[in-house]
Amino acid sequence: MPENVQYDLAEGVATITLARPDAMNSLTAAAKTELREAVERARDDPAARAVILTGSGRAFCVGQDLREHADNLEAGRGLAGTLEDHYEPIILALGGMPKPVVAAVNGTAAGAGLSFALACDVRIASEKASFATAFTRIGLAPDSGLSWTLPRVVGRAKALELLLLAEPVRAAEALELGLVNAVVPPESLATAARDLAARVGAGP
């Protein structure tokens with residue numbers, strides 16, 4: 001049974017929830033495998049007419065579990081396959097989903113977590129949400145499609161600023177920039193996301 005990702009289907013809406021709240025939904029190899037399987041399950045399920053991607057606890061997703069990466073490097077296992085085997089298939093499955101995908105951003109979306117949100121079709125954020133590219137702060141180039149999606153959402157100049165400085169963007173500013181489509185109180189996020197997903201999922 002999946003331990004890091006929850007999958008729920010109700011009234012035509014598949015909800016995928018990252019479920020490592022104590023680790024801010026950071027992504028281990030196991031979590032990435034479960035997430036890919038959940039996204040593919042939603043894609044292939046004829047009963048799912050729309051999809052919601054969200055996180056549990058105070059974060060949407062803060063990207064890679066860097067502790068796991070450090071352990072792998074120390075053990076001499078390296079990082080080969082991280083992008084090819086995990087992140088790229090997830091991003092391609094989200095972006096190529098033949099059903100509308102709503103990101104319900106409940107808290108921090110950073111690094112690959114931001115990439116996941118931008119791979120969705122529509123983003124609704126809690127007033128407590130924040131967004132950060134994060135990659136340059138740990139000496140990495142942006143991956144998981146972020147260098148492609150971000151300029152198309154906020155424009156090239158703003159995208160470069162967000163990528164190079166990696167400063168956090170609060171929910172209200174994210175709305176102004178077009179990073180998200182709507183901002184709602186935290187207690188209303190789940191309902192708003194489900195209402196939107198159900199509405200578009202009920203369409204022709």
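**Entry 1: α4 and α5.** The model I am working from is predicted. I started with helix α4, residues 112-119, and helix α5, residues 146-154; their axes lie 10 Å apart and the packing angle is about 55 degrees.

Next I asked which residues make the contact. From α4 I listed L114, S115 and L118, and from α5 L146, T149, L150 and V153. Sorting the residues of this contact gave me 5 nonpolar, 2 polar and no charged.

**Entry 2: α1 and α3.** I then turned to helix α1 (residues 29-44) and helix α3 (residues 82-95), whose axes cross at roughly 30 degrees and come within 9 Å. That angle makes α1 roughly parallel to α3. The crossing of α1 past α3 is left-handed.

For the contact, α1 brings A29, K32, T33, L35, R36 and V39. On the α3 side I wrote down T82, D85, H86, Y87, P89, I90, A93 and L94. How do these residues divide by type? My tally for α1 with α3 reads 8 nonpolar, 3 polar and 3 charged.

**Entry 3: I52.** I picked a strand residue next: I52 sits in strand β3, residues 50-55. Is I52 buried or exposed? Its relative accessibility is 4%, so I52 counts as buried. Beyond its neighbours within four places in sequence, I52 is in contact with V13, A14, T15, I16, V102, A104, A193, R194 and A197. I also checked I52 against L35, a residue of the α1 contact with α3: the two are 17 residues apart in sequence and 13 Å apart in space, C-alpha to C-alpha.

**Entry 4: the whole chain.** Stepping back, I counted 8 helices and 10 strands in the chain. The radius of gyration is 16 Å, close to the 17 Å that the globule rule gives for 204 residues, so the chain is as compact as a globular protein of that length. Along its principal axes the C-alpha trace spans about 50 × 40 × 30 Å.

Of the 204 residues, 50% count as buried. Last, I looked at contacts between residues at least 6 apart in sequence, and 70% of these join residues at least 24 apart.

Technical notes: Residues are numbered from 1 along each chain as its sequence is written. This is a predicted model: local features need pLDDT of at least 70, side-chain atom pairs count only at pLDDT 80 or more; totals for chains, interfaces and linings use all residues. Side-chain values use heavy atoms; hydrogens and water are left out. Axes are lines fitted to C-alpha atoms, for helices over the stretch in contact, and angles run from 0 to 180 degrees between N-to-C directions. Helices (H or I, at least four residues) and strands (E, at least two) are DSSP runs, numbered from the N terminus. Contact means heavy atoms within 4.5 Å. Ala, Val, Leu, Ile, Met, Phe, Trp, Tyr, Cys and Pro count as nonpolar, Asp, Glu, Lys and Arg as charged, and the others, Gly among them, as polar. The radius of gyration is taken over C-alpha atoms; the globule rule is 2.2 Å times the number of residues to the power 0.38. Buried means under 20% relative accessible area, exposed over 50%, partly exposed in between (1.4 Å probe, protein chains only). Angles under 35 degrees count as roughly parallel, over 145 as roughly antiparallel, 65 to 115 as roughly perpendicular and the rest as oblique. A crossing is left-handed if the near helix is turned anticlockwise from the far one by less than a right angle, and right-handed if clockwise.
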